[in-house]
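Work through the exercises below with the sequence and the 3D view open. Try each task before reading its solution.

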Amino acid sequence: MRRIGIWIAVGGLLLATAACGGDSGGSASGTPKAQSLAVGFVAEPANLDFTSTEGAAIPQALLVNVYEGLVKLDQAGEIVPLLAEKWEVSGDRKTYTFTLRDNVTFSSGAPFTADDVVFSLDRVKSDWKLKIKSQLDVVDKVEKKDDSTAVVTLKQPSNGFLYAMATRLGAMFSRTGVSDLANKPVGTGPYTLGSWRRGDSIQLDANPSYWGTKPPLSSITLKYFKDATAMNNALLTGGIDVISSVQAPESLQQFADPNRFEVIEGTTNGEVVLSMNNDRPPFNDKKARQAVRHAIDHKALLDTAWAGRGGLIGSMVPPTDPWYEDRTGDYPYDPARAKQLLGGKTYDVKMRIPNLPYAVASAQVVKSQLAQVGITAEIEPLEFPARWLDQVFTKGDYDLSIINHVEPRDMGIFADKSYYFGYDNPEFGKLLASADQGTEQEQTDDLKQAAKLLSDDAAADWLFLFPNLIVAKKGVTGLPENAISESFDFTALAKQ
Amino acid sequence: MRGRTNAGLVVGGALVGLVVLTAVASFFWTPHDPTLVDAAQKLREPGGGYPLGADKFGRDTFSQLMVGARTTLYVGIVAVGIAAALGVPLGMIAGMTPHGWLSELIMRVNDLVFAFPALLLAVMFGAVYGAGTLTAMIAIGVATVPAFARVARAATLQVMVTDYVLAARAAGRRRPAIAVRHVLPNIGSMLIVQASVSFAIAILAEAALSFLGFGTRPPTPSWGRMLQESQELLFSTPRLALWPGLAIALAVLGFNLLGDGLRDYLDPKLRRIR
Amino acid sequence: MTLYLLKRLAVLMASTAVAAVVVFAFMALLPGDPAEIALGVNATPEAVAALREQFGTDRAPVVQFLDWFGGLVQGDFGTSYVTSSPIGPQIGDRLGVTAVLVLGGMAVALAVAVPLGTFAAVHHRDPLGAAISAASQVGIAIPAFLAGILFVFVFAVQAQVLPSGGYVPFAEDPGEWLRGLLLPWASLGLVQGAVLTRYVRSAVLDVMREDYLRTARAKGRGSTGALWRHGLRNASVPVVTVLGLQLATLLIGAVVVERVFVIPGLGDLLLNGVAGRDLLLVQGVVMVLVAAVLLINFAVDVAYHLLDPRLR
């Protein structure tokens, strides 16, 4: 597991499914299958090119649905075959031989072959502009053995390689389909891009020539809402069929009627991190960081800021990862201990947060609790993504921040001392490197240790684990319970 | 007619007085710390030391309303202050030299600024300097300058043709002296009316900006932000939206009534007709 | 009159040009280099320099301005740094939506204000007239977005008779288009209508004090008839002025109402642009809004001259 890159996502913001309201005749006449669904999402993609544009919204809409990789993550977090029927790993764990499915074509009509695998993976190195592309730096070369066999050779054994292949990095592009990635995605998936009404919605149409099980719906509309209440209202009034991610958890009781709605509460990879700038005073002092961790009553924070939905974690590992350990006891709520660690000193700090609902709510609780131990935090909400990325993420000009790091298996970001945390402990980097090259058991042991080290060093504080809260109209099936990959998988979505 | 005019003035004055008193009182006393998060009091019903209940953070609504009055006045005073400080001298200059190039320039620039409405300016300012109360107030203030300049110019034009100003000019008094001695006192009443009306508009603008996330920063209590934060609980706990909504409406109503009442009371022309 | 028109037109064009300079200069202050932002945190300096050249942000500000302004004159707003699509058509689409919203809101405001204001003026001594007057004061005190939230709560969520938001293009389904716009129009229009009611009332009151109406009343004719015959044209002068001022207010009020009702108009585009640091897009939208306000003021001035016989 090398550095898992950066992209910072809006958090659960992005997961919804909305029905485009085209089912007007459906419910009344009792037609067996509705033809379309509308799903409400929070953040609209700026464009459709996830090879050059950061952000969670694009892979969420397109990965697995429009673009497919050789492998994908299933609901349990296991890597399963997709465009590769199977794969073999050599004894030295450096060579992966993928056997590709037959009869797969791109939506443009071009056949999918090993040439496209070579093209797509080489293109990551040559054309991708995202920081996360470094996850595939471990790839030495990609070769075509025959039309349906591709061989990837690694520089050294890597546990993170196959996992990265299940993310957008492993998406398969057509050699003739990359001329206008921002507007015209060409993939092998069950859906194709129908239309895009900027500022409003994206419609995905079923791909008539899909190689696998044909999707149950003829089209899915992803409808974008900037306001959580507006999205709730749209579901209440039939404007959409699904809220992909509830942004106002207190409002859930509106959907309490089980005859009308179904509320799904699952888990995500999203750690809501209270980041502390390890690079400058006062949080370059480990004691000050530890004081912050002791000063925060995480249970109270979750109850007030996010209606008690979600879980408590004590380090950068969600419970769905194999190396998860309960670390919530490392820094129990203890204001007296916090004050003692601060040595009676008081501090004025800047808390620069993205203007997203979970961050604004959490920040107010954090501020109130830090005030009890003598830390005065001034909250400054910055427009997400651009201004926050610029000021906090890129320039590192902050003392405290709050952001939901939604990327799967992203503990590696702490190994990069240029990352905005400014955390610098060579021991941590060594543990991660050895975990990536070691056996499965060694990997688990190393990563457990790494997580403990992060917690002990108080590299940051982990406020809570973001819940996957989905609300759907009764009768909508096939919704993913857990949001543990980059995509919102529409493959099985249907309506009775 | 006279009776109702006074009624408006009295009601408006009373409402504004209430806002001012509440704001002043909040400096000395509130039932609770308005920003203190207390999970045990989450969504507490009214009663027992929490006269209007508590929000989802367990913060006392009544205390928040009290300190919110302070924010409201702060926004209004700074915005109107900026507008008056810039707009009145400019309007007076334009009014005292009605045919000069300076007057023409001032009024053209005025028209130009007028083309940048408060909300648009606030969003632009927010994008450059970061959203916050001060940015919002400056934006609202700058956008209100033309209103003051126009009123000051129109009133000055009227005063300049009165006998005493003509006499002062004949006596060779210099323009700045005339402006301070004769013009300003006589256009004062119109400016007070304008200030009252602009105050109401500033309150509405702050509420709208807070709703869009360009207003007062959390956790500083502001009626606009309280309203915005209570939206998700509109179904289950409507009182959280009711109180700040009512406070905004009453404060705006108060300043508008006060402005109208003062206009009727101070404007001699209207008084003569009625 | 022709001379006035020409002079006013010249002022309009000069103001628009100066406004363009102001908008451009302001946007130049925005922190963050568009090329760096587009490339993310790990970009090489060479890539940033190349993209800067592609965007044209490596040139002198004056050159950039002239290029942008020259494009504007021909209706070309440039190409977005973020979406790499032309900005002009986007603004065009959104402007249409916002225009429908604003004009509809204005229509609602007029439909409310003219009858109520006139009635309140004619009956200004009756309790009912006074009640209308008082109600208009309360109406002014309610923010448009609050009215919107309440309308959604009552008519969409509780009564389920109208959609809570969203925008269906007219070409797609005229019925749904209309249903979707009713609540936004009402939110914008009722609050502005309250403001307008007061102006209509006071304009009509002023007209009623004019000699010809007093004469008509003295002759024993009903004042309402005389009012219709002589008064409305005169009363319309101040009302048109206020209407113009309000159009500008409505344009900006629409920004907030668009957020409440999830309508993809100019306001939505502007806020998105600000959040995404889409410099050129924000610049374009602000310019369009400002130009619209200038144009409205121009139209009001001209209408003022046409309506008021004393000015002709």
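Predicted model: local features only at pLDDT ≥ 70, side-chain atom pairs only at ≥ 80, totals over all residues.

**Exercise 1. Chain B**

Task: How many helices and strands does chain B have?

Solution: 
1. Count the elements. Chain B has 10 helices and zero strands.
2. Read them from the N terminus. The order is α-α-α-α-α-α-α-α-α-α.
3. The C-alpha atoms of chain B fill roughly 75 × 50 × 30 Å.
4. Take the burial. Chain B has 274 residues, and 54% of them count as buried. The cut-off for buried is 20 or more other C-beta atoms within 10 Å of the residue's own.
5. Sort the contacts by sequence separation. Start from contacts in chain B between residues at least 6 apart; 70% of these join residues at least 24 apart.

**Exercise 2. Chain A against chain B**

Task: Find the residues of chain A in contact with chain B. Which element of chain A gives the most to that side?

Solution: 
1. Apply the contact cut-off: C-beta atoms within 7 Å. On this basis 22 residues of chain A meet 19 residues of chain B.
2. List the elements of chain A that supply at least two residues each. They are α5 (228-236), α7 (298-305), α9 (357-371) and β15 (375-382).
3. Pick the top contributor. It is α9(A), with seven residues.

**Exercise 3. The domains of chain A**

Task: How many residues of domain 1 of chain A are in contact with domain 2 of chain A?

Solution: 
1. Write down the bounds. Domain 1 of chain A takes 191-266 + 468-495, and domain 2 takes 268-467.
2. Count the contacts. In chain A, 13 residues of domain 1 touch nine residues of domain 2.
3. Class the domain 1 side. It holds seven nonpolar, four polar and two charged residues.

**Exercise 4. Annotated segments of chain C**

Task: Which residues of chain C are listed under "transmembrane region"?

Solution: 
1. Take the ranges from the record. The unreviewed UniProt entry lists 9-30, 95-122, 134-157, 177-200, 237-261 and 281-307 of chain C.
2. Check residues 95-122 of chain C. This range is 100% helix and 0% strand, with end C-alpha atoms 39 Å apart.
3. Check residues 237-261 of chain C. Here too the chain is 100% helix and 0% strand, and the end C-alpha atoms lie 34 Å apart.

Definitions and conventions: Residues numbered from 1 in each chain as written. Chains lettered and ligands numbered in written order. UniProt positions renumbered as here; feature names shortened; annotations may be inferred. Helix = DSSP H or I, 4+ residues; strand = E, 2+ residues; numbered from the N terminus. Contact = placed C-beta atoms within 7 Å. Domains from an automatic or database assignment. Nonpolar A, V, L, I, M, F, W, Y, C, P; charged D, E, K, R; others polar. Buried ≥ 20, exposed ≤ 12 C-beta atoms within 10 Å, placed from the backbone.
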